[in-house]
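Please read the following report alongside the sequence and the coordinates.

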Amino acid sequence: MGKSGLYWFPPQDDWMQRFRTAKSGPAAFADWVALANAPLDLVKTELLDGAFRKAFPAPPDQGLNAPPIRLALLGSSTTDHLHAGIRIAALRRGLFVSIYQPDYGQYWAELLDPVSALYGFQPNAFLLAFDARHMTRGLTAQSDAAATTAALDGQIAHLRACWDKARAGFDATILQQTVLPVFPDLAGQNEHILPGSPAAAVGRLNQSLRAAAAEAGVHLVAVDSQAARDGIAYWTSDTVWHRAKQEILVSAGPVYGDLVMRLLAARFGRSAKCLVLDLDNTLWGGVVGDDGVEGLTLGQGSAEGEAFVAFQSHARDLAARGVILAVCSKNDETNALAPFERHPEMILKRSDIACFVANWDDKATNLRRIAESLNIGLDSLVFVDDNPFERNLVREQLPAVAVPEVSEDPSTFARCLADAGYFEALTVTEEDRARGRQYQANAARASMAGAANDIGGYLAGLEMKLVWRRFDQIGLPRIAQLINKSNQFNLTTRRYSEADVRQMIDDPAVAGVQLRLADRFGDNGMIAVAILRRRGDLAVIDSWLMSCRVLGRKVEEATLAILAAEARRWGAKKLRGEYRATPKNGMVKDHYAKLGFTPISGDAGSDWFELDLAGYVVPDLPMTIEAA
Amino acid sequence: MNDEQILAELTEMLRDIFDDPSLSITPETSAKDVPGWDSMKQVMILLAVEEKFSIELTTREMDRLRNVGDLVTAIAGRLTT
């Protein structure tokens with residue numbers, strides 16, 4: 001089922017509250033911009049427009065992303081109801097637009113008259129929005145082919161004349177709305193056999209329009225394509241037409257406004273430039289650090305695998321026409337690169353990626369590095385990640401970055417990007433096509449140290465709940481799975497079978513703990529396992545492993561608190577931790593040092609660390625810990 | 001959903017559309033009672049109602065609406081079919 005409206009924005013339950021706060025003012029321009037970046041329907045668009053215009057009757061002195069736009073809207077039917085959507089779409093992009101609309105039917109006269117109100121307004125942008133009935137007037141089912149062609153040519157010629165007049169009188173960007181296919185068929189599916197059919201005429205007009213616009217440097221507001229995507233009933237209603245002479249429904253107003261503003265924003269160079277991609281479960285199914293290249297879901301006949309291939313193809317095609325690609329992944333770099341080097345179904349090559357960032361830092365810090373390395377603004381980035389935790393962290397820390405609210409299904413990623421229109425292009429030049437190669441030479445491995453973002457506030461707002469219990473029968477399969485699957489965040493990589501784990505349940509000298517993490521976005525399930533062994537007045541951490549998906553959330557500190565409590569229950573005085581290096585677990589080399597353990601001498605195969613429990617105090621943690 | 005509930009939902013919607021949390025809506029309320037309720041708002045209200053209740057109102061029904069009470073009746077009629 002396709003989605004309609006501005007669905008790439010995440011739902012915001014607190015929107016009305018924030019709106020009322022801004023309305024009671026004074027609110028900064030940036031606050032209004034934030035309110036516009038939401039999945040607004042017709043009512044909210046109207047509300048926001050009314051309040052914003054009261055707060056900012058004129059463009060703000062600062063904070064605009066481009067000079068104010070003065071848009072002349074020339075229509076042949078009622079178009080007042082579309083103004084709010086256009087203004088809010090401008091606000092969404094940190095732009096300001098004021099709209100002048102000549103009286104019904106007066107547009108041509110005003111274009112011709114150098115002292116008209118139109119000339120007084122001094123537009124720097126035009127939108128010609130002519131309704132389908134206007135564009136096909138005079139045509140009937142009786143009209144023959146020659147008469148029809150003459151009529152249609154006449155319509156295009158008239159549009160050209162409007163464009164010329166607008167160009168001659170003003171230094172303006174010209175937008176032409178295509179013709180909406182509002183007519184019922186008379187002949188049926190082969191309507192083209194009826195030369196005078198208004199329904200068939202619309203198709204012909206839109207085809208001629210595209211050729212004429214390309215020649216004249218006019219940009220199209222392609223409502224015909226959009227209606228094919230949303231369904232014509234979303235865009236128009238004969239009932240409303242008869243009632244109010246409004247061809248485009250006000251409920252489609254928010255999307256219409258966005259279509260218009262995408263073009264004007266592109267005109268000012270405000271389209272996004274760079275697509276930043278997460279890797280695990282975004283470009284392929286699975287976690288490469290844990291599953292290995294062979295364990296990934298990519299291509300090979302599975303529906304999910306094919307969906308990831310399709311998304312990679314879409315990204316590659318965007319790159320071919322000038323969009324920069326970057327990668328931002330939480331992985332060891334070697335693991336992140338492996339599928340690019342070895343997986344037979346990878347569409348994207350390493351050389352397609354202008355900036356490849358794979359490390360364990362938070363993604364907001366990494367996106368900053370990517371922007372800096374590519375020498376583009378944060379507001380040129382679009383970030384796609386399957387993980388709502390990462391998406392929301394970036395939204396909060398870097399509001400300038402566009403983060404589409406993709407669904408869980410990779411088969412929808414490409415459609416979502418296209419629908420959001422981030423990369424709206426007015427032209428595609430040879431330079432655009434060559435851009436990928438240009439950045440290749442500048443391959444940046446952003447390993448610069450930089451100040452990390454303070455994400456403490458974000459973590460606290462997640463309402464995280466860590467629930468732990470001792471090993472039990474029910475948890476056995478998942479515990480064994482984690483023990484045998486985890487490679488990266490795994491301190492000792494000891495592999496135990498389900499039978500081994502079952503024995504630990506009743507062993508009084510062993511405390512196995514399983515941890516589940518839930519937050520505002522849902523339940524992440526079991527994400528960590530640790531095994532403590534009693535050795536006199538020592539408690540030795542035999543195993544400690546964790547899902548990389550929950551790194552950076554202080555789960556490590558919380559797990560330590562739980563292990564310390566268990567050790568104290570035994571009367572142990574010290575906690576001992578062991579690190580056994582493998583080719584895959586380099587990321588936890590300093591794990592115990594970071595947690596405050598002191599290194600002690602060990603054997604050849606391992607590093608050993610110790611924590612004196614008398615001195616250990618549980619730190620403040622951004623989550624509640626519950627024993628189940 | 002009974003008429004009372006429909007009226008409550010309509011009241012909330014009209015309060016949002018007119019940006020007036022204290023707007024008083026009764027079955028007798030009509031366009032002349034609310035400042036700013038012009039023909040543009042009328043179309044907006046009808047579309048918002050159709051969207052919210054997942055119904056379609058006919059031209060004849062819309063032409064015959066005199067007040068909010070008539071709208072409640074029209075909605076209720078659609079919801080039971």
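## The eight-stranded sheet of chain A

In this predicted model, chain A holds an open sheet of eight strands with mixed pairing, ordered β15-β16-β14-β13-β12-β11-β10-β17; strands (E, at least two residues) and helices (H or I, at least four) are DSSP runs, numbered from the N terminus, and two strands pair if DSSP finds at least two bridges between them. Because β15 (598-600) and β17 (623-627) of chain A each have a single partner strand, they stand at the edges, and one side of each is left without a neighbour in the sheet. On average, with direction ignored, neighbouring strands of this sheet are turned by 30° against each other.

Within the sheet, β10 (residues 464-470) and β11 (residues 510-519) of chain A are antiparallel partners over six bridges, and V467(A) stands opposite R516(A) in β11(A).

## Helices across the sheet

Helix α22 (residues 476-485) of chain A lies across β11, β12 (522-535) and β13 (538-546), running at about 75° to β12(A), while helix α24 (residues 555-569) of chain A lies across β10, β11, β12, β13, β14 (574-579) and β17 at about 40° to β12(A). Axes are lines fitted to C-alpha atoms, for helices over the stretch in contact, with angles from 0 to 180 degrees between N-to-C directions; contact requires C-beta atoms, placed from the backbone, to lie within 7 Å.

## Helix α17 of chain A

The end C-alpha atoms of α17 (residues 363-374) of chain A are 16 Å apart, in agreement with the 16 Å that its 12 residues should span at 1.5 Å a residue, the expected span being 1.5 Å times one less than the number of residues. Of these 12 residues, 10 are buried, a label given when 20 or more other C-beta atoms lie within 10 Å of a residue's own, against 12 or fewer for exposed and values in between for partly exposed.

The buried residues, including L367(A) and I370(A), pack against β6 (274-277), β7 (324-330), β8 (355-359), β9 (381-384) and α18 (388-397) of chain A. Just after this helix, N375(A) takes a positive phi of about 60°.

## Helix α3 of chain B

E61(B) lies in helix α3 of chain B and counts as partly exposed because it has 17 C-beta neighbours inside 10 Å. Its C-alpha atom is separated by 13 Å from that of V43(B), 18 residues apart along the chain.

## Conventions

Residues are numbered from 1 along each chain as its sequence is written, with chains lettered from A and ligands numbered from 1 in the order in which they are written. As the model is predicted, local features need pLDDT of at least 70 and side-chain atom pairs count only at pLDDT 80 or more, whereas totals for chains, interfaces and linings use all residues.

Terms used
Contact = placed C-beta atoms within 7 Å.
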